[in-house]
Amino acid sequence: QVQLVESGGGLVQAGGSLRLSCAVSGRTLSSYVMGWFRQAPGKEREFVAAISWSAGTTLYAASVKGRFTISRDNTKNMVYLQMNSLKPEDTAGYYCAAGRRLSAGAGYDYWGQGTQVTVSS
């Protein structure tokens, strides 16, 4: 069992930055993959980025590559999503997820409650 708690969302102007955090607790993390997903009203949940806990291998959606950076702090059991050059299209609830396989969709078993990111034009 894994517990995930996101924080750091808020309101920003287009072109601005936000850093989301995900606190991870519960089952040992060494074999896990951590991901960020987002969901806007009326839209399907969308993959954003993922990172393997042990090796730090990353995967990004094309829509955020070059603007967002996923990272993890092994000593603090934290996962971060640094978001730069934000666009109104980035507006969504952002969710932290944990799974066993680095992927852009399937394989995530645990989810946080979400944190809202709103980007104004």
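Student: How far apart are the sulfur atoms of Cys 22 and Cys 96, which form a disulfide?

Tutor: Good place to start: this is a predicted model, where local features need pLDDT of at least 70 and side-chain atom pairs count only at pLDDT 80 or more, while totals for chains, interfaces and linings use all residues. Residues are numbered from 1 along each chain as its sequence is written, and side-chain values use heavy atoms, leaving out hydrogens and water. A disulfide here is a pair of cysteine sulfur atoms within 2.5 Å. For Cys 22 and Cys 96, the sulfur atoms are apart by 2.2 Å.

Student: Which handedness does the disulfide of Cys 22 and Cys 96 have?

Tutor: Look at the torsion about the S-S bond, which is about -85 degrees. The disulfide of Cys 22 and Cys 96 is therefore left-handed.

Student: How many residues apart are Cys 22 and Cys 96?

Tutor: Strands are DSSP runs (E, at least two residues; helices are H or I, at least four), numbered from the N terminus. Cys 22 sits in strand β3 (residues 18–26), and Cys 96 is in strand β9. The pair links distant parts of the chain, with a separation of 74 residues.

Student: Are Cys 22 and Cys 96 buried or exposed?

Tutor: Buried means under 20% relative accessible area, exposed means over 50%, and partly exposed is in between (1.4 Å probe, protein chains only). Cys 22 has 0% relative accessibility, and Cys 96 has 0% as well. By that cut-off, Cys 22 counts as buried, and Cys 96 also counts as buried.

Student: On to charges: which residue pairs with Arg 38 in a salt bridge?

Tutor: A salt bridge needs a side-chain nitrogen of Lys or Arg within 4 Å of a carboxyl oxygen of Asp or Glu. Arg 38 is buried at 6% relative accessible area and lies in strand β4 (residues 33–39). With closest N and O atoms 2.9 Å apart, its partner is Asp 90.

Student: What ties together the loop between β8 and β9 and the loop between β6 and β7?

Tutor: Asp 90 lies in the former loop and Arg 67 in the latter, so their pairing ties together parts 23 residues apart in sequence. Both Asp 90 and Arg 67 are buried. The link, at 2.7 Å from N to O, is a salt bridge.
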